[in-house]
Amino acid sequence: MANIEFEDEKTLVKACIKGNEKAQYAFYKKFYGKMMAVCKRYARDDDEAKDIFHEAMMKVFNNLPKYQFNGSLEGWVRRIMVNTSIDWYRKNKNTFGFTDDEQQLEDTNIAIDDMVNSDFNVQDIMKAIQQLTPAYKAVFNLYVIEGYSHKEIAEMLNVNIGTSKSNLAKAKQKLQKLLANQYKEYSK
């Protein structure tokens, strides 16, 4: 249900900045699906994902006047969603179970490409990722999906580089087990 008056992003953004409620609703609706998926990757459950999403959307609307139309609007909104998710972890770090293990485990042989090219579909893989602990999920998403380095992840999450590496290796090992169990169930 697209409004003619908001047919392009620039018109939509300008109307949102002016406080047009229809524009704000159209903006919210435009980004809800994709950005909620981003928040779900970092959240423990749907309720937490909604909390993160709504907090991030408030930041988006508050900072919309600063958006300069350089690069994609979706990319700009996505960056705010990811940063809000990271901020959420920082505020709740003690409840998310980061292991402060200095042991630098070597990466396991699992790769996201191997999982995608296997018998599993995207839903199977996403379901398995959702079963990771919040700490493992955060590092896995930031490293594998968002493309951050361990140094960047350590700075963002206020953990040691070794902790980031360890949590990634453990996340990959857990994913291997989860996907192997799913494969056994499908094979029956």
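**Two helix pairs in a predicted model**

Helices α1 and α2 are oblique to each other; the model in which they are seen is predicted.

Visitor: Why are α1 and α2 called oblique?

Guide: Helix α1 (residues 9-17) and helix α2 (residues 21-42) pack at an angle of about 125°. An angle of 65 to 115 degrees would count as roughly perpendicular and one over 145 as roughly antiparallel, with the rest counted as oblique. The pair α1 and α2 is therefore oblique. Their axes are 8 Å apart, and their crossing is left-handed.

Visitor: Which residues of α1 and α2 meet?

Guide: From α1, the residues E9, L12, V13, A15 and C16 take part, and they meet A23, Q24, A26, F27 and K30 of α2. This contact comprises seven nonpolar residues, one polar and two charged.

Visitor: What makes α7 oblique to α8?

Guide: The axes of helix α7 (residues 134-145) and helix α8 (residues 150-157) cross at roughly 135° and come within 10 Å. Angles over 145 degrees count as roughly antiparallel, and 65 to 115 as roughly perpendicular, while the rest, apart from those under 35, are oblique. The crossing angle of roughly 135° therefore makes α7 oblique to α8.

Visitor: Is the crossing of α7 and α8 right-handed or left-handed?

Guide: Helix α7 passes α8 in a right-handed crossing.

Visitor: What makes the contact of α7 and α8?

Guide: Helix α7 contributes A138, V139, L142 and Y143, and helix α8 contributes H150, I153 and L157. Six of these residues are nonpolar, one is polar and none is charged.

Notes. Residues numbered from 1 in each chain as written. Predicted model: local features only at pLDDT ≥ 70, side-chain atom pairs only at ≥ 80, totals over all residues. Heavy atoms only, no water. Axes fitted to C-alpha atoms, helices over the stretch in contact; angles between N-to-C directions. Helix = DSSP H or I, 4+ residues; strand = E, 2+ residues; numbered from the N terminus. Left-handed = near helix turned anticlockwise from the far one by under 90°. Contact = heavy atoms within 4.5 Å. Nonpolar A, V, L, I, M, F, W, Y, C, P; charged D, E, K, R; others polar.
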